Amino acid sequence: MDENKIDLSLKTMQLLQERTPPQDPGMDGPVRRTSRRIREKQNQEKNQILSPKCLTFTSEKNDSEEEEDIEEAEVKDDKESLPGYREGLSEYELERLENIRQNQAFLNTLNLPQISEALRPKPKPTQKGLKREKTESEMLPVRKSLRLQNKGPQTTLTLDTTSYAAREPEDKPKKAPGPIPLDPINLDEHVRLPEDLVPLKQEAGTSDLILYQQMLQKLSINDSCVVKVVKDRICSAAFHPTSSNLLMAAGDKSGHLGLWKPDASWGDDGVIYFEPHSRAITSMAFSSHPCNLITVSYDGSARSMDLEKAVFDEVYRSSSGLKSFDFLSADCSSLLLGEWNGDVAVVDRRTEKIYESLYTMAANPLRCVHVHPVQQHYFVVAESRFVNIYDLRHLKRRNNLAVGELNGHSRSVSSAFFSPLTGNRVLTTCMDNTIRVFDTSLMEGRSPVLKSITHNMQTGRWLSKLSAVWDPKQQDCFVIGSVDRPRRIQVYHESGRRLHTFRNMDHLTTVCSITAFHPSRNTLLGGNSSGRLHIFTDSFIN
């Protein structure tokens, strides 16, 4: 029985070995044998596969196919023109190159290089004229409240009604009465004054309005036309009337006087620096006979720079500050001075008297006095908000009545000037942001307003007040500075038409409150709060 079981198991093993296919030594386990049905199905699928057809191509194409070929060729050419194109690039790489090209074209339309060049800070112009002195900063005491100082509250409040410009500085004494030596501060003691400091030749002339406007357009400025003449804020400036060469004077708020001759080799780039006053020099003018420079100041003195004597002669001294003056005679020997306390003084330089006569015009400060160029017994006075014309022949010590009135000002008036040749116009500058031109062909009565021009006059505390002044060569045109940006100087006709605007982004970057035209040359100056003079001229300075 046992032998039969053993024989049966041996036969079973042989049968299994015959049916199992040989295994691949690289395989992990036995491979299943494909069934007959699967093999038959695979054979049927192979028999159903069709043999490939032969395709034939002809050269005949319709219009649409030709247009498609042209477009494909253009696309190929565009791709070949892409930056970094190489044959055999993938579609992704070609698309990337196309995006780069489009982005570059978009950036080129923005003009970024030009914008970056415009935004790049420009180099500062070289400093010419007086050099800045290094001063050590003063250590101020620590501020303490009244409680920490063991003090009670202050019940009384004192108000200072004195004008800021007329306040006395505590640390600067007044100049001594009498002549002051003409010693430049920025020159050595052994250096003599230049002989060609003040030229003598003088000329005058006028031009047509169209030619005048063309002349203004030719005036320009460069780096040599900006020079520091004084160290503090300029309060007044004037041209010497000669036409042979340029000579300018400027006075600052500290009483310093600077003379600048551009083509000179003496001083600091042609600048000589004096200190004839202890307070702000509020007005100045060159006299023609003899050729001296008259200056008035808030320290109450009026001085004449005499080159022959090499001194600053004292012309007049007052206990009040002096604001402005004008010449009463053609030979410039008589002066009309306006004082801060409301008085007007007549001074004759040929006599030794302190003054010839003294008149009280108003209780308010006199901001400007100006004499009629033809009828010199008439003069105009700017009294706070009022502008009046007086006759010098009928004045009394007090309670004087005006012969003419120029009404319409709502705030304080900075200046009032007769037109230079005929005196038929008066130009006023008012803090109500208005420039007014009055008809003064008839002195008596109320003078009508011919034109009112809106102009921003709000300069603030640290700038000199704007003032419109006539061009002595052109009696119907005037010039004034501006606080607008970009910085500018503007020239107007009396009709209100703006003839020209002087701008320069490189050299005119500050407010020029003080402006003046040369009496015989085509030159304009502007003075700013840092002590620099700017010159617009048709002949550049080397």
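# Close-up views of a predicted model

**Figure 1. A salt bridge joins E314 and R303.** In this predicted model, the side chains of E314 and R303 meet at 3.5 Å, N to O. E314 belongs to strand β10 (residues 311-317) and R303 to strand β9 (residues 301-306), so the pair ties together parts that are eleven residues apart in sequence. The two partners can be compared by their accessibility. E314 is partly exposed, with a relative accessible area of 27%. R303 has 0% relative accessibility and counts as buried. Side chains of opposite charge can pair when their charged atoms come close. The count for the structure comes to twelve salt bridges.

**Figure 2. D348 and R350 form a salt bridge.** The N to O distance between the side chains of D348 and R350 is 3.1 Å. Which of these side chains is buried and which is exposed? D348, at 13% relative accessibility, counts as buried, while R350, at 60%, counts as exposed. The cut-offs behind these words are under 20% for buried and over 50% for exposed.

**Figure 3. R393 and D391 form a salt bridge.** The side chains of R393 and D391 meet at 2.9 Å, N to O. R393 counts as exposed at 53% relative accessibility. D391 is buried, and its relative accessible area is 5%. Elsewhere, salt bridges that share partners join R303, E314 and R317 into one network.

**Figure 4. Strand β5 is covered on both faces.** Strand β5 spans residues 257-260. In a regular strand the side chains alternate between the two faces of the sheet. On one side of β5 lie L257 and L259, on the other G258 and W260, and all of these residues are buried.

**Figure 5. Strand β5 pairs with strands β4 and β6.** Strands of a sheet pair through backbone hydrogen bonds, either parallel or antiparallel. Strand β4 (residues 248-252) pairs with β5 in the antiparallel sense, over four bridges. A249 stands opposite L259 of β5 in this pairing. The hairpin of β4 and β5 has four residues between the strands, and G255 there takes a positive phi near 90°. Strand β6 (residues 271-274) is also joined to β5 by four bridges, and these two strands run antiparallel. Which residue of β6 stands opposite L259? The residue is I272.

**Figure 6. Five strands form an open sheet.** The order of the strands is β15-β16-β17-β18-β22, and the pairing is mixed. β15 (366-371) and β22 (445-446) stand at the edges with a single partner strand each, so one side of each is left without a neighbour in the sheet. Within the sheet, strand β17 (residues 386-391) and strand β18 (residues 404-406) pair in the antiparallel sense over three bridges. V387 stands opposite L406 of β18.

**Figure 7. The largest nonpolar core has 66 residues.** Which residues have the most contacts inside this core? They are L216, F478 and L533. L216 touches V491, L499, H500, F502 and F517, leaving out residues up to four places away in sequence. A second, separate core has 17 residues, including W266, I272, M305 and F312.

**Figure 8. S415 makes a polar contact with S467.** S415 lies in strand β19 (residues 413-418). The relative accessible area of S415 is 3%, and the residue is buried. The side chains of S415 and S467 are joined by a polar contact of 2.8 Å. Apart from neighbours within four places in sequence, S415 is in contact with C368, L427, T428, T429, S467 and A468.

Definitions and conventions:
Residues are numbered from 1 along each chain as its sequence is written. This is a predicted model: local features need pLDDT of at least 70, side-chain atom pairs count only at pLDDT 80 or more; totals for chains, interfaces and linings use all residues. Side-chain values use heavy atoms; hydrogens and water are left out. Buried means under 20% relative accessible area, exposed over 50%, partly exposed in between (1.4 Å probe, protein chains only). Two strands pair if DSSP finds at least two bridges between them. A salt bridge is a side-chain nitrogen of Lys or Arg within 4 Å of a carboxyl oxygen of Asp or Glu. A nonpolar core is a set of buried Ala, Val, Leu, Ile, Met, Phe, Trp, Tyr and Cys residues joined through side-chain atoms within 4.5 Å. Contact means heavy atoms within 4.5 Å. A polar contact is a pair of N or O atoms within 3.5 Å; within protein, one must be able to donate a hydrogen and the other to accept it, and residues adjacent in sequence count only if both atoms are side-chain atoms.
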